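Here is my note on the structure you asked me to look through, written as numbered points. Please keep the sequence and the 3D view open while you read.

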Amino acid sequence: RAMKIKIQDTKGKSAGELEVKFPLIENSKGLQAVHDAVVAYNAAQRSGTACAKTVGEVRGSNKKPWRQKGTGRARAGSVRSPLWPGGGVVFGPKPRDFAKKINKKTRDLALRKALSERLKAGDVIVVDDLKLSAPKTKEMVAVLAALKLDGTTLIVQPDANKNLVLAARNIPELTVTTSDNLNTYDVLRPDKLVFTKS
């Protein structure tokens, strides 16, 4: 049996019902996929630009500080040894890509599982249409108040609406995205998800 969600307009009034077009994932199926998807997403956000110089790269003379034997001091081959001040770093970080590969089927399963859980928890709100007459933050704040949204909120729309993006970008806890950019992390992060009917 398909789940039905109530549709609201931007004033918070009821505007019918909408049937969820995919079967909800029950039990614990998809939990590992969700974990993998979130780990992969967070890993991909890392810039991976940390870099330290090794003995071969650090600046300084290649001359042996003193002769090998006869001084009574420990033998030394370079003033840039990792043991010396100003020396190289042993196994320091180098620029690298932290991205993890995740299969398309796993990614799709994770997104459906995350959406299923949010739908079952009642955290998804569907609005009939979300068009603003002008790119005004005040108008966006009024819509959020009408829909009783006071925590972190993600608005998902079919395509980029310039007025909506401009009106929402100065509200700290509000994020706007499009349906083709929606990922598992985005679905799990906010307190409430707002989808337009389309």
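**Notes on the predicted model**

1. I begin with isoleucine 155, which, once its neighbours within four places in sequence are left aside, is in contact with Leu130, Met140, Leu164, Leu174, Thr175, Val176, Thr177 and Val194. Please bear in mind throughout that this is a predicted model. Ile155 is also named, together with Met140 and Leu174, among the residues with the most contacts inside the largest nonpolar core, which has 16 residues. The elements that give two or more residues to this core are strand E3 (124-127), helix H3 (137-146) and helix H4 (162-168). A second, separate core has 14 residues, including Ile7, Ala114, Leu119 and Leu193.

2. Threonine 153 is found in strand E4, a strand that covers residues 153-157. Is threonine 153 buried or exposed? Its relative accessible area is 2%, and because buried means under 20%, threonine 153 counts as buried. Not counting residues up to four places away in sequence, threonine 153 touches Glu173, Leu174, Thr175, Pro190, Lys192 and Val194.

3. Turning to the chain as a whole, the secondary structure comes to 5 helices and 6 strands, and, read along the sequence, these follow the pattern β-β-α-α-β-α-β-α-β-α-β. A compact globule of 198 residues would have a radius of gyration near 16 Å, but the protein chain has 27 Å. Taken along the principal axes, the C-alpha atoms fill a box of roughly 95 × 40 × 25 Å. Of the 198 residues, 32% count as buried. Among contacts with a separation of 6 or more, 66% are between residues 24 or more positions apart.

4. Which residues of H1 are buried? They are Ala33, Val34, Ala37, Val38, Ala40 and Ala43, and what covers them includes helix H2 (104-120) and helix H5 (184-188).

5. Isoleucine 102, found in the loop between H1 and H2, has a relative accessibility of 18% and therefore counts as buried. Leaving aside neighbours within four places in sequence, isoleucine 102 is in contact with Asp36, Ala37, Ala40 and Arg107. Isoleucine 102 and alanine 33 are 69 residues apart in sequence, while their C-alpha atoms are 9.1 Å apart in space.

6. How many aromatic pairs does a search of the whole structure find? The search finds 2 aromatic pairs. In one of them, the rings of tyrosine 41 and tyrosine 185 have their centres 4.7 Å apart and their planes at 15 degrees, so the pair is stacked. Because tyrosine 41 lies in helix H1 and tyrosine 185 in helix H5, this pair ties together parts that are 144 residues apart in sequence. Tyrosine 41, at 25% relative accessibility, counts as partly exposed, and tyrosine 185, with a relative accessible area of 27%, is partly exposed as well.

7. The rings of tryptophan 66 and tryptophan 84 have their centres 5.8 Å apart and their planes at 35 degrees, so this pair is tilted. Tryptophan 66 and tryptophan 84 both lie in the loop between H1 and H2, and so the pair ties together parts that are 18 residues apart in sequence. Tryptophan 84 is partly exposed, with a relative accessible area of 28%. A separate item involving a ring is arginine 46, whose charged end sits over the ring of phenylalanine 98, 3.6 Å from its centre.

8. Finally, I would look at two backbone angles, since most residues other than glycine have a negative phi. Phenylalanine 91, in the loop between H1 and H2, has a positive phi near 55 degrees, and at 83% relative accessibility it counts as exposed. Lysine 148 has a positive phi of about 60 degrees although it is not a glycine. The place of lysine 148 is in the loop between H3 and strand E4, and lysine 148 is exposed, with a relative accessible area of 71%.

Note on methods. Residues numbered from 1 in each chain as written. Predicted model: local features only at pLDDT ≥ 70, side-chain atom pairs only at ≥ 80, totals over all residues. Heavy atoms only, no water. Buried < 20%, exposed > 50% of the residue type's maximum accessible area, 1.4 Å probe, protein only. Helix = DSSP H or I, 4+ residues; strand = E, 2+ residues; numbered from the N terminus. Contact = heavy atoms within 4.5 Å. Phe/Tyr/Trp six-rings, centres within 6.5 Å; stacked < 30°, edge-to-face > 60°. Lys NZ or Arg CZ within 6 Å of the ring centre and 35° of its normal. Core = buried A, V, L, I, M, F, W, Y, C linked by side-chain atoms within 4.5 Å. Rg over C-alpha atoms; globule rule 2.2 N^0.38 Å.
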